[in-house]
Amino acid sequence: VRDALEVGRIIGREARAVGIHFAFAPTVDVNNNPANPVINTRSFGEDPQRVAELAAAFVRGMQSEGVAATAKHFPGHGDTDTDSHLALAVVRSDAARLAAVELVPFRASIEAGVIGVMTAHIALPAVGIDNSPATLEPRIVTTLLRDSLGFRGLAVTDALRMQAVGQGYTPERAAVLAVQAGADILLSPTDVKRAIDAVTAAVVQGVISAERIDQSVRRILELKVRTRAARHSIVSLDSLRHTVGAPAHWNVARDIAARAITLLRDSATLVPAPPDGRFAVVTYAPDLDVNAARAFAGELRALAPQTIMARIDPSTSAAELDSLGARVRGAGRIIVTTHVRTIEGAGRFAIAPRVAAWIDTLAMRERVIVVANGNPYVIAQFPRVGSYLVTYGIDASLERAAARALVGTAPVTGRAPISLPGFFAGGDGLRREAAP
């Protein structure tokens, strides 16, 4: 909780320094579906109470710096296997489960004084919303969020250009329905002018009352007053230089990264590895992700000079994989780093099946350690891997921390905030002390 509070403060401080007064964070969805391609590591975890505690702390930290926070994606986008950027996601929770799981972090965020809530493009059949996004439903935005949970801040739609809305609604209809549902801000319509013209016409025709528009305008003006955006619309470049990327901020990032690294499997006790051994690092990442494993490789080479590097991607052929297997054969440790982000797009959230099968086969005959950056659930694709380290993100600080953990220059103390049935449970994590 202390970390979430401090991270909220730092992000708020840096956001304000560059002129941002309203941040679309934090994600407070409960990620209880390992197949979720859009929330995943954006969530604080799968336990509703823990997510609520961390979300509330983040909100308090960010808003203490004068930046409005936004809890998203209401009423909960965690329990779905569909990316709402691509299609309408469906959450099967009934009202009782919503109250016990999905809504818990939103209640905590509202109690913490969160200024914004972003709505989700999800359908909720169990509560009578079968084929329309919650963003466009008064029963969600007004009845549930405002009337039941008592939220008095700004309701923001998720991007209206996302296909969960874009496939079924014109820009005009989506804009009008969102305002009727209770939204104060329409985020990223497909066509801004058409959306504005549609809402204006709806007011003129009496479809939307002028009072309804006044309510939203008042909330937006109140936000500008609370954050002093109206009085201080221009930021100081001197303040920006001293605040953004401050050494103290980087120190916090490095400290949290070091404590986040989690060792979920190590059947042959390959971690830590002797730094004087021969390492082969194979990086799996999309071909355009040119920075993947760069920090990891730099740190590992400094710690263990006898390191060879290779890179593969989703298009790597079977022949190329066979050749690579021969090249790395016999290395003291073969370290496979995977870099799979959320919001990868249709069919790209997982590791390419051909590559996953190669990793699985390689683990049968070599000493393989997989370091999962980003999606922590990829172990399901190569169950024979006996040593599995996760970082929960794609970030240079996390990569360096993982390299130090692998060779024992830093301890491994992380615990999983999620579970994957058959592979690991929430709270799992093997402890390793730093080498003397």
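F22 is buried in this predicted model. Its relative accessible area is 18%, which falls under the 20% cut-off for a buried residue. F24 counts as partly exposed, at 32% relative accessibility. The two side chains form an aromatic pair. Their ring centres lie 5.4 Å apart.

The structure holds two aromatic pairs. F74 belongs to strand 1 (residues 70-74), whereas F106 belongs to helix 3 (residues 95-111). The pair therefore ties together parts that are 32 residues apart in sequence. F74 is buried, with a relative accessible area of 0%. F106 counts as buried too, at 1% relative accessibility.

F74 is joined to P75 by a cis peptide bond with omega of about 5°. P75 lies in the loop between strand 1 and strand 2 (89-90). The bond from K72 to H73 is likewise cis, and its omega is near 5°. H73 is found in strand 1.

N40 is not a glycine, yet its phi is about 50°. This residue sits in the loop between helix 1 (2-17) and helix 2 (48-64). N40 counts as buried, at 4% relative accessibility. For A293, a residue other than glycine, phi is near 70°. A293 is located in the loop between strand 7 and helix 11 (294-303). A293 is buried, and its relative accessible area is 3%.

Y284 lies in strand 7 (residues 279-284). Y284 is buried, with a relative accessible area of 3%. Leaving aside residues up to four places away in sequence, Y284 touches I312, D313, P314, T337, T338, H339, V340, A350, I351, A352 and V355. V355 is 71 residues from Y284 in sequence. In space, their C-alpha atoms are 8.6 Å apart. A polar atom of the Y284 side chain lies 3.1 Å from the backbone nitrogen of A352.

T338, one of the residues touched by Y284, pairs with A372 of strand 10 through a bridge. Strand 9 (residues 333-340) and strand 10 run parallel. Seven bridges join them. Strand 10 also runs parallel to strand 11 (residues 387-390). Four bridges link these two strands. Strand 10 spans residues 368-374. Seven of its seven residues are buried, so strand 10 is largely enclosed by the rest of the structure.

E366 lies in the loop between helix 13 (353-365) and strand 10. E366 is buried yet has no salt bridge. The nearest side chain of opposite charge is that of R329, 4.2 Å away. A salt bridge requires a separation within 4 Å. The side chain of E366 does reach the backbone nitrogen of G330, at 3.2 Å. Beyond residues up to four places away in sequence, E366 touches R329, G330 and I334.

How values were computed:
Residues numbered from 1 in each chain as written. Predicted model: local features only at pLDDT ≥ 70, side-chain atom pairs only at ≥ 80, totals over all residues. Heavy atoms only, no water. Buried < 20%, exposed > 50% of the residue type's maximum accessible area, 1.4 Å probe, protein only. Pairing = 2+ DSSP bridges. Phe/Tyr/Trp six-rings, centres within 6.5 Å; stacked < 30°, edge-to-face > 60°. Lys, Arg positive; Asp, Glu negative; His and termini not counted. Polar contact = N/O pair within 3.5 Å; in protein donor to acceptor, adjacent residues only side chain to side chain. Contact = heavy atoms within 4.5 Å.
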